[in-house]
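Work through the exercises below with the sequence and the 3D structure at hand. Each task is followed by its solution.

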Amino acid sequence: MASIFTKIIQGEIPCEKIIETDSEIAFLDIMPCAAGHTLVIPKLEVERLEDLPAEQALSLMRTMQQVAKAVSTAFDGIDYNLILNNGLNAGQEIAHVHFHVLPRAKGSPGPFREHVQYAEGEMQEVGAKIRNCL
Ligand code: AMP
């Protein structure tokens with residue numbers, strides 16, 4: 001589905017581009033959670049990670065590693081999170097798969113602050129359920 005990211009890929013709206021390859025583009029997030037907050041997206045118009053052909057997913061990962069290293073180096077070796085919001089309930093606002101490279105300075109509020117408690121045996125069930133889908 002076309003989204004605002006399609007317009008960025010096609011150069012119809014501007015972005016602060018970090019890098020562009022045949023298959024990906026990385027650019028700064030317009031509402032950054034930290035300076036250097038970067039989005040890495042495939043050019044292929046797919047909504048969810050699992051919609052991306054495996055070769056394209058590998059290519060995306062390669063570019064993401066390159067971009068993440070550059071972001072870190074640019075901010076004196078800063079730590080970072082790689083975040084993918086996959087689907088509405090996971091906080092995905094733009095229906096075009098994208099990874100966030102999110103720099104984390106000392107004292108940054110960490111992600112994953114919410115926790116659920118597994119019931120007795122539930123953790124093993126969930127593990128098996130996921131493995132069955134591999
Ligand atoms: P998500 O919630 O994972 O879908 O994240 C979408 C991200 O896209 C948000 O962090 C927005 O700030 C960012 N965003 C939306 N429009 C633009 C744009 N035109 N240029 C750069 N980043 C954008």
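**Exercise 1.** Find which polar backbone atoms lie by the oxygen and nitrogen atoms of the ligand.

Solution. Take a polar contact as a pair of N or O atoms within 3.5 Å; within protein, one must be able to donate a hydrogen and the other to accept it, and residues adjacent in sequence count only if both atoms are side-chain atoms.
- Step 1: a polar backbone atom of Gly 91 is 2.9 Å from an oxygen atom of the ligand.
- Step 2: for Glu 93, the distance from a polar backbone atom to a ligand oxygen is 2.7 Å.
- Step 3: a ligand nitrogen lies 3.1 Å from a polar backbone atom of Ile 30.

The ligand has 510 Å² of accessible area on its own, and the protein covers 88% of this (Shrake-Rupley method, 1.4 Å probe).

The model is predicted: local features need pLDDT of at least 70 and side-chain atom pairs pLDDT 80 or more, while totals for chains, interfaces and linings use all residues. Residues are numbered from 1 along each chain as its sequence is written, and side-chain values use heavy atoms, without hydrogens and water.

**Exercise 2.** Describe the shell around the ligand by class and by element.

Solution.
- Step 1: there are 16 residues around the ligand (a heavy atom within 4 Å), and Asp 29, Asn 85, Glu 93, His 98 and His 100 come nearest.
- Step 2: sorted by class, 9 are nonpolar (Ala, Val, Leu, Ile, Met, Phe, Trp, Tyr, Cys and Pro), 2 are charged (Asp, Glu, Lys and Arg) and 5 are polar (the others, Gly among them).
- Step 3: helix H1 (4–9) and strand S2 (24–28) each supply at least two residues; H1 gives the most, with 3. Helices (H or I, at least four residues) and strands (E, at least two) are DSSP runs, numbered from the N terminus.

**Exercise 3.** How are the rings of Phe 5 and Phe 27 placed?

Solution.
- Step 1: with ring centres within 6.5 Å as the rule for Phe, Tyr and Trp (its six-membered ring), the count is 1 aromatic pair.
- Step 2: the centres of Phe 5 and Phe 27 are 5.5 Å apart and the planes stand at 75 degrees, so the pair is edge-to-face (over 60 degrees; under 30 is stacked, the rest tilted).
- Step 3: Phe 5 belongs to helix H1 and Phe 27 to strand S2, so the pair ties together parts 22 residues apart in sequence.
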